[in-house]
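Here is a report on one chain of a protein model. Look at the structure first, then read on.

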Amino acid sequence: MLDRAENQKGSPPADRDTAPRLVAFRGAGFTPKAGRTSGWIALALVIGFWQLAGSAGWINPLFLPPPSAIAVAITKLAVSGALWHHLSWSIMRIGTGWILGTIAGIIVGFAIGLSSLARGVGITFISALFPIPKIALLPLLILWLGIGEQPKIATIALGVFFSTAISVYSGVDAVPRNLIRMAQSFNVPFHAIVRRVIWPGALPSILSGFRITASVALLLVVSAEMIGAEFGIGAFVLQAGNLMQTDQLLAGVVILSLFGLAVGRLINFLETRLLHWR
Amino acid sequence: MDLIANHISHRFGALAVLDDVSFTVRAGEVVAIVGPSGCGKSTLLSILGGLLQPSRGRAEWRGAPPPGSLNPLTFVFQDFALLPWCTVEENVEFPLLHTGLDLAERREVIDDALRRTGLSDFRGTYPKQLSGGMRQRVGIARALAVRPAILLMDEPLSALDSQTRELLMEDFVRLLGGGAMGAVYVTHNLEEAVRLADRIVVLSRRPGKVREVVSIPLTRSERGDVTAREKLLALQSDLWSLIRKEAIDAEREVQHA
């Protein structure tokens, strides 16, 4: 019926209807793949163009020094020892704040994930306090804790705590209930269900949370050091900006970027080791 | 050891799911539970296995579990419920870790369970590397490892293709053939029910009540004979005529929900 109808409308002649025609492929796209080299090539091209623009005098080096000047600044900082001095202060603050915030976040996150009472109370507090920019609390924390390291570390810990708690209880919630019921059906005790079922089941979400909290910690340490610190990468970047030493300023930014990349690699490594079963 | 459903009723909020269900699973007996979709078969199994508190009535057991039984009432789950981060061996070992068995005893039990389910060569494999049928074998090996008195099986073959179902059905017939272990077998597949069960409890549509209890007049070993096939088909047909109208009503009800 359809063929006849088409012919009546003057569609292709009969021999085209009988000749085999290739079925058009329609399944292309929507499967993006990151090439191994394309990203590095693009980065090299951008740096190359930036260097060319600086060397040719197209850009004022005071506003944007070329990559070679930044590399020289980093080398000088490394040789003089200033880089390590600033970096060690920042790492100490990030490390201490991140560990404190993570431990507290994991404990509270598990409590919210496992206890109705903690869930009722905890989610209300977290919903109310999570959106506050933690750096806004630094002056208050300085009042409470003095002008030493404690307020900076506490600011980082607070920032890390909320994101960790949320990722932990989300992870606990996402553990398939059938696995918990299976464990209960074998009379596995509560603590063993938490250790052997809920912890590994929540780990993917917890590690994703680590990726976020590492960025939060980096952001907060720089902000806190810019507000009230003599040493640290944030303080160094601020001083360089005040003195219009843009090569030093960008050296600090590059170091922060490398630090962030190193932390990302570490979390990738942890995911590969701990989540190999996925 | 007998398992008794004693006047069990259950509601989920305003929704009545089970209404005064009573029957007994005697030691070594295989009882299938069939009924239209949503009649509360899986809910009943959860109550019988102690995973759900009934609104009314009780799940009870009577008599002594078999010597050495570590978990007299043991589930085999429809979705296998394997720990994806554990190997086959670790999954089978999981319920044994808190039973007081030492390492050597655990290893012996695991080896036996893996051998009985044909998994000895897959002990270091992760669930994601296994087919559906092999995953369910791991679930069965894990259940066998705790030496249950009664297996509580919630549609254990429904997630599998027909060939794998057939192979696992043969395994179930072999495992339950000795009469040392009983089972409650929840299924919507009447063929599975007549092949495996000694008695079939037919539930009505929601709220599920015991509509009829049908005994299979053949031993499991007799059911493999060609002559028995006709009898089994006739039984299956009788069961279907019992359920058909309510199954249609239940399906319409689900579609309108």
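Strand β5 (residues 73–76) of chain B runs parallel to β6(B), and four bridges join them. Strands here are DSSP runs of E, at least two residues long, and helices are runs of H or I, at least four long; both are numbered from the N terminus. Two strands pair if DSSP finds at least two bridges between them. B:T74 stands opposite B:L151 in β6(B). Strand β7 (residues 182–186) of chain B is also parallel to β6(B), with five bridges. There, B:G182 is the bridge partner of B:I150.

Is β6(B) mostly covered or mostly open? It is mostly covered: five of its five residues are buried. A residue is buried if 20 or more other C-beta atoms lie within 10 Å of its own, exposed if 12 or fewer, and partly exposed in between; C-beta atoms are placed from the backbone. B:I150, B:L152 and B:D154 are buried on one side of β6(B), and B:L151 and B:M153 on the other.

## About the model

This is a predicted model: local features need pLDDT of at least 70, side-chain atom pairs count only at pLDDT 80 or more, and totals for chains, interfaces and linings use all residues. Residues are numbered from 1 along each chain as its sequence is written, while chains are lettered from A and ligands numbered from 1 in the order in which they are written.

## Two domains

Chain B is divided into domain 1 (2–66 + 149–256) and domain 2 (84–148). These bounds come from an automatic or database domain assignment. Eleven residues of domain 1 of chain B are in contact with six residues of domain 2 of chain B. Contact means C-beta atoms, placed from the backbone, within 7 Å.

On the domain 1 side, β6 (150–154) and α5 (162–177) of chain B each supply at least two residues. α5(B) gives the most, with three residues.

## The whole chain

Chain B has seven helices and nine strands. Its radius of gyration is 18 Å, close to the 18 Å that the globule rule gives for 257 residues, so chain B is as compact as a globular protein of that length. The radius is taken over C-alpha atoms, and the rule is 2.2 Å times the number of residues to the power 0.38.

Buried residues make up 42% of the 257 residues in chain B. Along its principal axes, the C-alpha trace spans about 55 × 45 × 40 Å.

Technical notes:
Contact = placed C-beta atoms within 7 Å.
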